[in-house]
Amino acid sequence: MRLKTLTLAVTATALATASVTASARDFRLGLITPAQHMWSTEAVAFAETLNERSDGEHSVSVFPAQQLGNEAQMVQQLQTGALDMAFLTIAEISNRIPDFGALYAPYLVDDVNHAADLLRSDAAAELLDLMPQQVGLVGVGYGMVGMRQVLSRDPITSVDDMDGQRLRITPFEPIRDFYTATGAAPEPMPLLEVYDALANGQVDAIDMDFDSILILKFYEQAENLLISNHMMFPMVGVVSGRVWRELSAEDRELIDTTMAEHLENVLAGFEAVDAEQEETIRELDINIVEADAEFFSEAIAEWESIWAPKAPMLETLRAEADRLRED
């Protein structure tokens, strides 16, 4: 009898251990940003927090700098379940869900703080609800980088100076349409190729934020900066829908809350450093010109004519942005 009891106890322990082992996961998270970028460092911090909160049951391997491919390739991997998680620019999502393009409306927001507040809003959260059905991903929340500026090899003092300029962009339609409307020739290019492209004259100018300009030292190859703050540049933290369905309710909650905390760290992080980064850039030996919505007025009107019909959420987001501006 004691032998039978012992055998049952051993079997139960083995089954419990097997259950824990079966539910333990080593997730893979991909990004396009280099390892020193805030998105990448917060991804690593998310991995550490998730491992700690799961008592070592779950781990996350982080792959920055396009190690798993570009964003289009990573989205495909996420859809098949070959990749578990990613921090993605909204660019690739907007190519698949046009309503996300509304987040790139020129001068939708005034600055980094205004952008972060909008991304925290219920209006922005409505966009995340579109993702499971339309792209097979679960959107956890938003991050961002700083506002978009134009760094160029030659001075830009009016929009006419942009005519024919080969201008590097992230490959997605809303930003392409904006720069096409300015007369520039948008050229999609991975972030890590930009420095050499400026150096060898492959591009004349780049659409970029303060953070990347400083981290990757693009100012060494282009000494003219148009500070325009014309567009925000959100990021979204996602989990593969296929992977999500395999998780327990407890693991979903754990991943959701933990990733959301680190995405909030990204928002707050850029709010904290933006003014200091701008000051650092203004102290560089480069030529600076400032621009506002009037500078781009014709391009903005053309962009609106394209995107207002394609992205009905633009009206909702603009109303929320206006409300936040008044508060």
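**The second largest pocket**

In this predicted model, the lining of the second largest pocket receives at least two residues from each of helix H6 (122–128), strand E4 (137–145) and helix H12 (249–282). Of these elements, H12 contributes the most, with four residues.

The volume of the second largest pocket is about 200 Å³. Its lining comprises 13 residues, and those nearest the centre are Leu-119, Arg-120, Leu-128, Gly-141 and Tyr-142. Classified by side chain, the lining holds eight nonpolar, two polar and three charged residues.

**The largest pocket**

The lining of the largest pocket consists of 11 nonpolar, seven polar and five charged residues.

**The six-stranded sheet**

Six strands form an open sheet with mixed pairing, in the order E7-E6-E8-E5-E9-E11. From one strand to the next, the twist averages 25°.

Strand E6 (residues 166–169) pairs with E7 in the parallel sense, over four bridges. Leu-167 is positioned opposite Pro-186 in E7.

**The helix across the sheet**

Helix H8 (residues 173–182) lies across strand E5 (149–152), E6, E7 and strand E8 (205–208). The direction of H8 is at about 160° to E6.

Conventions:
Residues numbered from 1 in each chain as written. Predicted model: local features only at pLDDT ≥ 70, side-chain atom pairs only at ≥ 80, totals over all residues. Heavy atoms only, no water. Nonpolar A, V, L, I, M, F, W, Y, C, P; charged D, E, K, R; others polar. 1 Å grid on protein atoms, 1.4 Å probe; cavity = no way out; pocket = protein on both sides within 12 Å on 5 of 7 lines; lining within 4 Å. Points joined across faces, edges and corners; volume = space filled by probe spheres on them. Pairing = 2+ DSSP bridges. Axes fitted to C-alpha atoms, helices over the stretch in contact; angles between N-to-C directions. Contact = heavy atoms within 4.5 Å.
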